[in-house]
Amino acid sequence: MTPAPTPPTESTRPTTPTHPTSHPRPHPHTHPHTITPLRVLHAEWFKLLSLRSSRITAATAVVLVVGVALLMGGTYESGGGDSDIDPVVMVLQGTLLSQICLAVLGILVTAGEYATGSIRSTLTAVPARLPVLWAKAAVFTATAFATSLAAALVSYPAAQLLLADTDKAGSLWDDGVPAALVGSSAGVTLVALVALGLGALLRSVPGALGAFIGGVVVVPEILGALPYEVTEQAVRYFPTQAAYALGSSTPLPGAASPGAALAALLLWAGGTLALAGVLLQRRDV
């Protein structure tokens, strides 16, 4: 007869190993140091706002626009030589100066990091490189447009207080005025974005400033003075001339249409940034 099996004792029972101190492995996408576009954007935003030069340059751009608007409004007389000028164009003459200020800021955003050497740390933290350029462009575009629009919205009503008894008297809500104010701000922003792209291309603050002043500001004036119809037509689509066409509440004679001017500016800014992106990927820091 086969003996009955004996029940297992405490010493013979199988034991299941337990690890009370073990923790589930975190998912790689939730790591606190994972690089994401939002974090790159936040870092570039912090860098732009933390620099004193950025705040001073933006404030200077606003002061110039408002100051020139008050000067134009205070010195204008009905029936003078400026009577045929669009009121928005006349009041926002200061945008020609603020455009230079914001262009300098755009160059500092990109070429300034190469001058200080901090670009090495930035690209070490973001090895893909391109997200850095796109984040710089996005942060700068938002800042420049907000600055320009704020200056325009303050300047025009302030100047109208001085123009109340003249033939340029008007309201912020007159036909074409809101679109002209927004268009002027967009034009200034896109021209400054071209400067940012030049800074990324040349990696030198003096070099980018020289290229911007010479290529974007001076060359169109020289070409426009030539007695050839083809150059006269081409100059209309250069950045500064296209931006000028966007800031008028009435059609400007001899200028591109607002739609064509905006398309030209987008191509200038987009082309410059695209070329900067290609070279950023191919060149050493």
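Trainee: How many aromatic pairs does the structure hold?
Mentor: One. The model is predicted, so keep that in mind for every value here.

Trainee: Stacked, edge-to-face or tilted?
Mentor: The ring centres of Phe238 and Trp268 are 5.6 Å apart and the planes are at 45°, so the pair is tilted. Stacked would need planes under 30 degrees apart, and edge-to-face over 60.

Trainee: Where do Phe238 and Trp268 sit in the chain?
Mentor: Phe238 is in the loop between α9 (229-235) and α10 (239-246), and Trp268 is in helix α11 (residues 258-282).

Trainee: What does Trp268 count as?
Mentor: Partly exposed, with 36% relative accessibility.

Trainee: Staying with α11, what span should its 25 residues have?
Mentor: 36 Å, at 1.5 Å a residue. The C-alpha atoms at its ends are 36 Å apart, which agrees.

Trainee: Which residues of α11 are buried?
Mentor: Ala261, Ala264, Leu265, Ala269, Thr272, Leu273, Ala276, Gly277 and Leu280.

Trainee: Why would residues three or four places apart point the same way?
Mentor: Because an α-helix has 3.6 residues a turn. In α11, Ala261, Ala264 and Leu265 are among the buried residues.

Trainee: What covers them?
Mentor: The cover for the buried residues of α11 includes α4 (95-116), α5 (119-125), α6 (130-162), α7 (177-202) and α10.

Trainee: Let's go to α4. At what angle does it pack with α2?
Mentor: About 175° for α4 and helix α2 (residues 52-75), with the axes 8 Å apart. Over 145 counts as roughly antiparallel, so that is what α2 is to α4.

Trainee: Which residues make the contact?
Mentor: From α2, Ser54, Thr57, Thr60, Ala61, Leu64, Val65 and Val68. From α4, Thr95, Leu97, Ser98, Cys101, Leu102 and Leu105.

Trainee: How many of those are nonpolar, polar or charged?
Mentor: The contact of α2 with α4 has eight nonpolar residues, five polar and no charged.

Trainee: New topic, Ala211. Where does it lie?
Mentor: In helix α8 (residues 205-224). At 29% relative accessibility, Ala211 counts as partly exposed.

Trainee: What does Ala211 touch?
Mentor: Leaving out residues up to four places away in sequence, Ala211 touches Leu198, Leu202 and Val216. Leu198 is 13 residues from Ala211 in sequence, and their C-alpha atoms are 7.5 Å apart.

Terms used
Residues are numbered from 1 along each chain as its sequence is written. This is a predicted model: local features need pLDDT of at least 70, side-chain atom pairs count only at pLDDT 80 or more; totals for chains, interfaces and linings use all residues. Side-chain values use heavy atoms; hydrogens and water are left out. Rings of Phe, Tyr and Trp (its six-membered ring) pair if their centres lie within 6.5 Å; planes under 30 degrees apart count as stacked, over 60 as edge-to-face and the rest as tilted. Helices (H or I, at least four residues) and strands (E, at least two) are DSSP runs, numbered from the N terminus. Buried means under 20% relative accessible area, exposed over 50%, partly exposed in between (1.4 Å probe, protein chains only). The expected span of a helix is 1.5 Å times one less than its number of residues. Contact means heavy atoms within 4.5 Å. Axes are lines fitted to C-alpha atoms, for helices over the stretch in contact, and angles run from 0 to 180 degrees between N-to-C directions. Angles under 35 degrees count as roughly parallel, over 145 as roughly antiparallel, 65 to 115 as roughly perpendicular and the rest as oblique. Ala, Val, Leu, Ile, Met, Phe, Trp, Tyr, Cys and Pro count as nonpolar, Asp, Glu, Lys and Arg as charged, and the others, Gly among them, as polar.
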